[in-house]
Amino acid sequence: MTNNKSNLLQKKIIELIDSSNQKKITFADYMNLCLYDSEYGYYNSENILIGKNGDFYTSTSLSSDFGELLAIQLEEFWRVMDKPTPFHLVEVGAGEGNLTINILNYLKTHYPDFFQSIEYIIIEKSEILAEKQKQIIKKSFNKSVISKWYKWEDIENNSLQGCIFSNELIDAFPVHLVEFNQGILQEVYLTNNEGNLTEVLGNLSTIEIEDFFKTLNINFSQDIYPEKYRTEVNIQALNWLKTVTKKLKKGYVLTIDYGYQGDKYYHPQRFQGTLKCYYQHRHHNNPYVNIGCQDITSHINFTALETYGERYGLSNIAYTPQALFLMNLGLGDRISELSSGKIPIGEIIERRNQLHSLINPEGLGNFGILLQGKNLNKEQKNYSLKGFKY
Ligand SMILES: C[S@@+](CC[C@H](N)C(=O)[O-])C[C@H]1O[C@@H](n2cnc3c(N)ncnc32)[C@H](O)[C@@H]1O
């Protein structure tokens, strides 16, 4: 089944290459087809992708804790903004719908006033996942919460007030692959070599890549960079941020993902970039196998989001590691509860593993949480928010 799907997608990609003017496509186009092709793309599959029975875990698939603690922070945003109604909670890339359910369940029980004010909007690229999300939310909440699925183009500019948030969204955007060779920065393309996908190097496909490195002050012609230095550029992340800024009238943008600050991302020692593939809980570096049946991701560049965010009209409010964020919001109390005698002994180990995974410095705990804002007043920006205290 997997092989059949992979072969069909590879055939489709090769046909696209053959019919293109230059007989080649960028790696970003290739990755987009692997992940989001409407027939065979990874995220357009009926299979479970995320969690124990999928290919990888996210914080939201481990337990309800992540969503519940995040809900506490979302409620504080609402209060800091003087409790507007409606308050838009806009989740982008909701996957299997776990985070949505966990946030809404918690708010319904613990913060009923806030719950009443929420308009929950999901922006989801995969039609199959959007359908799954609709089913699961309908089953859990029926009509007790307003939930809507939109494309960005259906939302008017400057119309959202609230918080636009995402978990592991930007790492799933297709990236341009670039390589530095003999003093020039080139881009990786794919061609059809007698039925096989083959990499070739060519000129940069868009001026935005050059602009990106200039903006971040990254200069590969310094001696410290080795020959054949290869890395990625996530131009879609910048376009996404521009759209988000345009649609937001007032409020917060909360981005949770794994990544680095700019200079660390493009460190000379990271000469093969950060591209990774996930298949049945194993990871490797080959994006040309299991085509359409494996996830392909790259780390995100938080400095780029901060720098371009400011350019587009967002202010940078805070950045913190996930472990600290969750501890500030009460994860420590949940760990202490394990020894309170209230939890059945048989559940303690599993529960402890779930909680520890969320703050593991070698894993999810090291994720970054970036908070940006638009049209917030001085007090709202400087407010000492629970999750971001040091
Ligand atoms: C790695 S999954 C993360 C899912 C979920 N947030 C979680 O934490 O489990 C990435 C999600 O983002 C969605 N996605 C990717 N690109 C998107 C885009 N441009 N707009 C909206 N959703 C997108 C994918 O379809 C998928 O639902």
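Two strands are taken as paired if DSSP finds at least two bridges between them. Helices (H or I, at least four residues) and strands (E, at least two) are DSSP runs, numbered from the N terminus.

The model is predicted: local features need pLDDT of at least 70 and side-chain atom pairs count only at pLDDT 80 or more, while totals for chains, interfaces and linings use all residues. Residues are numbered from 1 along each chain as its sequence is written, and side-chain values use heavy atoms, with hydrogens and water left out.

**The sheet**

Begin by selecting Gly251, which stands opposite Lys374 in β17. Next, display the open sheet of seven strands, ordered β4-β3-β2-β5-β10-β17-β16 with mixed pairing. At its edges stand β4 (146-149) and β16 (315-321), each with a single partner strand, so one side of each is left without a neighbour in the sheet. From one strand to the next, the twist averages 15°; angles run from 0 to 180 degrees between N-to-C directions, and axes are lines fitted to C-alpha atoms, for helices over the stretch in contact.

**Helices on the sheet**

Select α7, which lies across β3 (118-123) and β4 and runs at about 170° to β4. Then select helix α11 (residues 302-312), which packs on the sheet and touches β10, β16 and β17; its direction makes about 5° with that of β17. Contact here means heavy atoms within 4.5 Å.

The contact is made by Thr100, Ile101, Leu104, Asn105 and Lys108 of α5 with Ile136, Ile137, Ser140 and Phe141 of α7.

Now turn to helix α4 (residues 65-80), whose axis comes within 8 Å of that of α5 and crosses it at roughly 60°. This angle makes α4 oblique to α5. Residues of α4 in the contact include Phe66, Leu70 and Leu74, and those of α5 include Leu99, Ile103 and Tyr106.

Finally, select helix α8 (residues 207-215) and helix α9 (residues 235-247), which pack at about 85° with axes 10 Å apart. The two are therefore roughly perpendicular to each other. Glu208, Ile209 and Phe212 of α8 meet Ile235, Leu238 and Asn239 of α9.

Notes:
Angles under 35 degrees count as roughly parallel, over 145 as roughly antiparallel, 65 to 115 as roughly perpendicular and the rest as oblique.
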